[in-house]
Amino acid sequence: MLAELYFTRHPGFWKMLTVAMCMALLGCLQAQEPQGHVSIILLGATGDLAKKYLWQGLFQLYLDEVGKGHSFSFHGAALTTTKQGQEFLAKVLESLSCPKDVAPGHCAELKDQFQRLSQYRQLKTSEDYQALSEDIEALVQKEGLREAGRVFYFSVPPFAYADIARSINSSCRPGPGAWLRVVLEKPFGHDHLSAQQLATELGSFFQEEEMYRVDHYLGKQAVAQILHFRDQNRKALDGLWNRHHVERVEIVMKEIVDAEGRTSFYEEYGVIRDVLQNHLTEILTLVAMELPHNVSSTEAVLQHKLQAFQALRGLRTGNAVVGQYQAYSEQVRRELHKPPSFHSLTPTFAGILVHMDNLRWEGVPFILMSGKALDERVGYVRILFKNRAYCAQNEKHWVADQSPCLPQQVVFYIGHGELGSPAVLVSRNLFRPSLPSQSWKELEGRPGLRLFGRPLSDYYAYGPVKEQDAYSILISHIFHGRKDSFITTENLLASWVFWTPLLDSLAHEVPRLYPGGAANGHLLDFEFSGSQLAFSQRQPEQLVPGPGSSPMPSDFQVLTARYRESPLVSAWPEELIAKLASDIEATAVRAVRRFGQFHLALSGGSSPIVLFQQLAMGHYGFPWAHTHLWLVDERCVPLWDPESNFQGLQTHLLQHVRIPYYNVHPMPVHLHQRLCAKEDQGARAYADEISALVTNGSFDLVLLGMGTDGHTASLFPQSPTGLDGEQLVVLTESPSRPHHRMSLSLPLINRARKVAVLVMGRLKREITMLVSRVGHEPKKWPISGVLPASGQLVWYMDYEAFLG
């Protein structure tokens, strides 16, 4: 009665109820309707990866999606003959397995269905791809289906990509209304240039949204949980996930096996390209990236990952340690038929120290480590927090697993090791985490098991409700078009921009030899100070000589001599930089005592970077509060541009020292939204600023370099300005990009109380020899015009530049 009265008074309710019921009914009907046919073509179907993981992953996709509206056909393809391929496929399909919760009888039924949907065909020519396309279209038409899309999985070497891509694009694309997804396996290039070339080539055949570059570590359950964990625990982590609370981050992948049987691949790629440039760097971005408001937004996640790549500080040789297990060179000689004298320089172990230049992570060390022939197989990401607690009572009185004095850490345990399975671990004295209960469960206690120095009971420990293979997860994401689990072209190239300079600098580095396994002992332990990384133990006697058997730095002391009638200091790079930094500090201290301030003019380029880092991290007595920093020269680019000398100074020195901002004097190359326009008179403005603040325009110390053509600052041979005359600051032209520069003039440089010229590297040997013999000829060799009128000139050269 009451209901009848309600409906009479509210007739609109009937309409709402009717609409809701119709929508629910329509949803049920749509769920039953066919959603289209999907063809999955596995290229390289008879290969090792396909046999171990991909066919099982495709079967798992079928198990997950059967009965949900899509129909499937699976095509194994390779260069193998049809008969051999069919025999191989029959064996692989027979070995497929179902999850434990599928009854044996039902599993057999599903396997039989999958086998009937799978076939092998040889694909070599464009005609073969055309025939495949016609067969798919015929099948779709015969069954009265609509084609939803096609997946091509490239389980083939990268050199085959272009030909296959061309054939697919010309002969095997699906028709209008159907999607195409192309799946690519690493390696994606050997360095930035090759990656760029490969990306350009693939981009001529496929659109960005059609390409899915696989990094299978992104499919591992603990790794895939990182972003979701950060999102679900925002409230607890917002105040902790930053430089004020994180002591360091460790990203580790260790292997027991060596490279035997794979040395042809390993000789080309090595451990850094094989593991660190992709797997570990991708994990780093998941830990370090700013968390999007919506982690389900693919576009937002990929954009924030790119920003994390762009915040990575450039790597140098001092950021890395490399090793090689002792049997490796012999394996290479045997497998690749190398002569008995051959010794490989390919690293099979690497530890890398990474820093990020942003407010969240400034100063926090990220340690990336991987290697073969180590003592255990394990992978993990460990975020160790700073512990500011002090417990007055003896440890035996601490509350078990809750004391604030115990280590505080979050660990994403990727797998293997003592635990043996994926897990998320959070110290109980940190916070109780939230994880999705439908997919993660709390682990049962395991007495006696210790992880990272503490018993398992010290952690809130969670593992997957059902363990899944990484490839099964990624194949599902490909089918559903989830691109956040894959590598975009932009992020790929950003990663190679970061890693290529280090790889180039390590190309001739002799790796430390290690015996392998438990016998490694502490041989591969390393430690870091500031931005420098080094092995903890001294180098044992090297069993494999380096190229030329060069003497070690310890064989020499700092050498003092004369060069162009001025003092010369020569040493190995490390000792040379230490000596120059100490001399600069001593000069600064004397100037502050005498005048109350120290005016230092610094050159840009690559050579001074190590010096800047040394001054920032190793000279705590430097009078920065009384130091004025000036630039010797600047490229005509915005000051925030990576090519700006000021940006290099900011990255490697200024952000690490306490110098008053009003004591920092960048060159005014960017005025009125223009770069080095003469009418803006930026050079004149800088000269006036120098005249106003620097007594007599005499800097206390000017640091210069020397180019292979004899230029110094941005004063180049035959420069029409700056080599003489009255101008203190000039606009100049460089033969290399960016061409436009601003520079102190030689007359101003020669007013300095002290000039230090830093020359490093074998490439400088020839110009060093030449300049030693010429007189005062600044038009030909501007460096020859450096001679302070009443000050001191000192040359600092490493042995390679001085002795060759």
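Biologist: Why is Cys-391 called buried?
Modeller: The model is predicted. Cys-391 has 18% relative accessibility, and buried means under 20%, so Cys-391 counts as buried.

Biologist: What makes Cys-391 and Cys-405 a disulfide?
Modeller: The S to S distance of Cys-391 and Cys-405 is 2.0 Å. A disulfide requires sulfur atoms within 2.5 Å, so the pair qualifies. Cys-391 and Cys-405 both lie in the loop between strand E11 (378–385) and strand E12 (409–416), 14 residues apart.

Biologist: Why is the disulfide of Cys-391 and Cys-405 called right-handed?
Modeller: The torsion about its S-S bond is about 110°, so the disulfide is right-handed.

Biologist: How do you know that Cys-636 and Cys-676 form a disulfide?
Modeller: Their sulfur atoms are 1.9 Å apart, and the cut-off is within 2.5 Å, so Cys-636 and Cys-676 count as bonded. With -90° about the S-S bond, this link is left-handed.

Biologist: What does the pair of Cys-636 and Cys-676 tie together?
Modeller: Cys-636 sits in the loop between strand E25 (633–635) and helix H18 (645–652), and Cys-676 in the loop between strand E28 (674–675) and helix H19 (682–693), so the parts tied together are 40 residues apart in sequence. Both cysteines are buried.

Biologist: What makes Cys-98 and Cys-107 a disulfide?
Modeller: The sulfur atoms of Cys-98 and Cys-107 are 2.0 Å apart; the rule asks for within 2.5 Å, so this pair is a disulfide too. The link has 90° about the S-S bond and is right-handed. Both Cys-98 and Cys-107 are buried.

Biologist: How many disulfides does the rule give, and what is the pairing in sequence order?
Modeller: The count is three. With the bonded cysteines numbered in sequence order, the pairing is 1-2, 3-4, 5-6.

Biologist: What makes Phe-452 partly exposed?
Modeller: Phe-452 has 22% relative accessibility. Phe-452 lies in the loop between strand E15 (450–451) and strand E16 (454–455), and has a positive phi of about 55° although it is not a glycine.

Technical notes:
Residues numbered from 1 in each chain as written. Predicted model: local features only at pLDDT ≥ 70, side-chain atom pairs only at ≥ 80, totals over all residues. Heavy atoms only, no water. Buried < 20%, exposed > 50% of the residue type's maximum accessible area, 1.4 Å probe, protein only. Helix = DSSP H or I, 4+ residues; strand = E, 2+ residues; numbered from the N terminus.
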